[in-house]
Amino acid sequence: GHIFVVDGLYDTVQIFNRQGELLMNFGETGGTEGDFYLPAGIAIDNRNRIYVADTYNQRVAVFQFMGEPLLPPPAPLPEPDAAGKLQENKAVGY
């Protein structure tokens, strides 16, 4: 198994082996496909797809195991109104 780390300071994902050696990293600061702006969470599914919660880009980015973007980033979520409710009923999906 590998260890996956999101680095919010450098806006990257780092992949380490069990001995703690850096195998690779991907991502950089930005708003385009493959970029992050304060990544805050990560998950890997049973097909080795990497899901990264990208805070200020307001999206979940999806990557293949080697860091290549798998799906285009979804549109940003709608902004809540003053009461904290979403103005539109939209679902973001793939």
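Let's start at the hairpin of β4 and β5, where five residues sit between the strands and N48 takes a positive phi near 65 degrees. A word on names: strands here are DSSP runs of E with at least two residues, helices are runs of H or I with at least four, and both are numbered from the N terminus. Please keep in mind that this is a predicted model, where local features need pLDDT of at least 70, side-chain atom pairs count only at pLDDT 80 or more, and totals for chains, interfaces and linings use all residues. Residues are numbered from 1 along each chain as its sequence is written, and side-chain values use heavy atoms, with hydrogens and water left out.

β4 and β5 run antiparallel and are joined by five bridges; two strands count as paired if DSSP finds at least two bridges between them. One place to look is G41, whose bridge partner in β5 is A53.

Now follow the chain onward. β5 also forms a hairpin with β6, this time with four residues between them, and Q58 in that turn has a positive phi of about 50 degrees. Five bridges join β5, residues 50-54, to β6, again antiparallel. Along this pairing, V52 has A61 as its bridge partner in β6, and Y51 stands opposite V62.

So what order do the strands of this open sheet take? The order is β4-β5-β6, three strands with antiparallel pairing. β4 (39-44) and β6 (59-63) are the edges: each has a single partner strand, so one side of each is left without a neighbour in the sheet. On average, neighbouring strands are turned by 20 degrees against each other, direction ignored; the axes behind that angle are lines fitted to C-alpha atoms, for helices over the stretch in contact, and angles in general run from 0 to 180 degrees between N-to-C directions.

Let's stay with β5 for a moment. Its covered face has I50, V52 and D54, while Y51 and A53 are on the uncovered one. Is D54 buried or exposed? D54 is buried, with a relative accessible area of 2%. Here buried means under 20% relative accessible area, exposed means over 50%, and partly exposed is in between, using a 1.4 Å probe and protein chains only. Leaving out residues up to four places away in sequence, D54 touches D35, F36, Y37, L38, P39 and R59, where contact means heavy atoms within 4.5 Å.

Some of those names bring us to the aromatic rings. Rings of Phe, Tyr and Trp (its six-membered ring) pair if their centres lie within 6.5 Å; planes under 30 degrees apart are stacked, over 60 edge-to-face, and the rest tilted. By this rule there are four aromatic pairs. One of them is F26 with F36: the ring centres are 6.4 Å apart and the planes at 50 degrees, so the pair is tilted. It links distant parts of the chain, with F26 in strand β3 (residues 22-26) and F36 in the loop between β3 and β4, 10 residues apart. F26 is buried at 8% relative accessible area, and F36 is buried at 0%.

Another pair is Y37 with Y56, with centres 5.2 Å apart and planes at 50 degrees, so this one is tilted. Y37 lies in the loop between β3 and β4 and Y56 in the loop between β5 and β6, so the pair ties together parts 19 residues apart in sequence. Y37 is partly exposed at 45%, and Y56 is exposed at 53%.

One last stop: ring pairs link F26, F36 and F63 into a cluster. Thanks, everyone!
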